[in-house]
Amino acid sequence: MDFLPLFLNIRGRRCLVVGGGEIARRKAELLCRAGATVCVVAPRVDEPLRKLVMSVNGECREREFRDSDLEGAVIVVAATNERKINRLVSEAAGRAGMPVNVVDQPELCSFIFPAVIDRSPVVLAVSSSGRSPVLVRQIKEQLETMIPGAIGSLADLLGSYRDEVKQRIGGFSSRVRFWERLLDSEVSELVYSGKEDEARQLVEQRLAQSGKESDSGEVYLVGAGPGDPDLLTLRALRLMQKADVVLYDRLVSPEILARIRPDAERIHVGKQRQNHPIPQEEINDMLIRLAKAGKRVLRLKGGDPFIFGRGGEEIETLAEKGIPFQVIPGITAASGCACYAGIPLTHRDHSQSVRFLTGHLKGDRVDLNWQQLVGEKNQTLVFYMGLASLGYICAELKGHGMAAETPAALVQQGTTRNQKVVTGTLETLPALVEKSNIKAPTIIIVGDVVKLHRQFAWFQPTR
Ligand code: SAH
């Protein structure tokens with residue numbers, strides 16, 4: 001971080017603005033909105049700025065800046081179009097140990113103004129540390145549309161119950177739980193639709209009931225998708241913000257982990273192919289133990305938890321013990337990789353069905369009904385966990401009568417910056433892959449649809 005974001009209380013405090021034009025006025029307006037008493041120094045002060053300053057009982061000094069102008073001020077903003085004067089102000093502030101902002105000269109600033117989304121008392125500040133004001137403006141526009149206009153009223157309403165909640169509900173985490181449950185209820189909608197009385201009734205009802213509901217934990221079994229964090233579901237993101245503890249797999253990318261609530265405890269229970277560092281039973285036990293201790297436990301898995309994810313086994317024990325859980329689907333590797341590789345899994349002209357299969361080697365075999373697989377025409381086959389068995393899979397398909405020239409593709413780390421697609425046929429793919437320095441995870445797609453990759457490959461990550 002180049003700058004520490006802070007919210008400064010300048011109500012009733014003197015803030016100095018050096019400069020008398022339009023830009024100075026804009027900064028002065030912002031300071032006035034936060035309740036400052038603005039003092040302006042400039043040989044000429046434009047009328048609108050003067051009016052503004054007078055309206056907050058500030059002061060205009062119509063002359064050049066002097067060091068002594070800083071006396072009694074808490075911050076200073078230099079907004080003149082003379083770089084020499086701006087530098088003078090910055091140096092004087094530096095000597096006085098006073099925070100200084102110089103408009104458009106970041107090297108002279110000790111603080112910068114963020115873009116502000118003001119839904120007071122809720123205030124959002126956005127900054128690119130001076131790198132790209134246009135990017136910041138775009139982010140601000142997006143946030144403007146996402147943050148309800150009445151969120152300030154909601155904050156006021158909740159704030160008015162803080163003391164009472166503190167008195168009635170002992171223990172920090174119980175209080176947090178109370179507020180979270182309240183915010184999950186219809187209280188926000190009531191406030192946003194102007195029904196504040198009903199919202200207050202609801203809060204009071206909840207307060208009266210508090211302590212009666214049990215504080216048992218819960219497990220969220222969540223699919224994190226194939227890698228690209230933009231492919232997380234909204235629900236996954238919401239639960240990632242709620243969890244107290246996260247158990248995650250090796251397949252969950254760092255970009256996705258970065259979206260977990262920062263103070264959540266993280267436990268890596270990733271399994272490798274041959275060597276299982278944490279056995280499945282132990283993971284199941286951990287889920288139970290943590291949930292029983294009242295934690296909200298996020299079990300984050302690559303792809304979809306119910307597709308080759310052993311999700312069923314994990315919730316089986318939870319269900320037996322009566323521990324509440326939710327299962328959130330994710331985009332499975334087959335969908336993610338196929339879309340990002342431009343290979344439609346089904347297609348009117350080429351494929352009327354698709355099968356997800358495991359290519360996992362048991363000893364030196366993959367246990368599948370090859371005869372039946374090959375018997376079905378116009379079908380796409382997708383093999384998970386098939387890198388080590390690629391040669392075996394291609395040989396079995398050919399051996400059971402599938403044409404050697406059937407198109408086949410291998411997608412490495414699909415949907416991520418490291419995505420790589422190798423295409424060939426059942427005959428050629430194993431050798432092509434061998435030459436390509438491929439890294440797990442990979443998926444194999446077999447069928448006529450693979451031909452479409454050449455035409456549809458839209459995702460070209462630059463490494
Ligand atoms: N539950 C997961 C699958 C877990 S099995 C899902 O629904 O996607 C692990 C296998 O998934 C890997 O061996 C690989 O075949 C596949 N896989 C997962 N993520 C992948 C990715 N980004 N690119 C290619 N294959 C992936």
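Which residues does N101 touch, not counting residues up to four places away in sequence? In this predicted model, N101 touches V76, V77, A78, C109, F111, I112 and F113 once those neighbours in sequence are set aside. N101 is found in strand β5, which covers residues 100-102, and it counts as buried because its relative accessibility is 5%, where buried means under 20%. The C-alpha atom of N101 is also separated by 7.6 Å from that of S90, a residue 11 places away along the chain.

T425 lies in strand β16, made of residues 420-425, and with a relative accessibility of 18% T425 counts as buried. Leaving aside its neighbours within four places in sequence, T425 is in contact with A404, E405, T406, P407, A408 and P430.

From contacts we can turn to charges. Side chains of opposite charge can pair when their charged atoms come close. The structure holds 29 salt bridges, and one of them joins R14 to E59, with the closest N and O atoms 3.3 Å apart. This pair links distant parts of the chain, since R14 is in strand β1 (residues 14-18) and E59 is in strand β3 (residues 59-61), 45 residues apart. R14 counts as partly exposed at 29% relative accessibility, and E59 is partly exposed as well, with a relative accessible area of 30%.

E59 also forms a salt bridge with R61, and here the closest N and O atoms are 2.9 Å apart; R61, at 17% relative accessibility, counts as buried. Another salt bridge is formed by R119 and E144, whose closest N and O atoms are 3.0 Å apart. R119 lies in strand β6 (residues 115-119) and E144 in helix α4 (residues 133-146), so this pair ties together parts that are 25 residues apart in sequence. R119 counts as buried at 13% relative accessibility, whereas E144 is partly exposed, with a relative accessible area of 29%. Elsewhere, R177, E180, D244, R261, D263 and R296 are linked in a network of salt bridges.

E196 is found in helix α9, and at 32% relative accessibility E196 counts as partly exposed.

Technical notes. Residues numbered from 1 in each chain as written. Predicted model: local features only at pLDDT ≥ 70, side-chain atom pairs only at ≥ 80, totals over all residues. Heavy atoms only, no water. Helix = DSSP H or I, 4+ residues; strand = E, 2+ residues; numbered from the N terminus. Buried < 20%, exposed > 50% of the residue type's maximum accessible area, 1.4 Å probe, protein only. Contact = heavy atoms within 4.5 Å. Salt bridge = Lys/Arg side-chain N within 4 Å of Asp/Glu carboxyl O.
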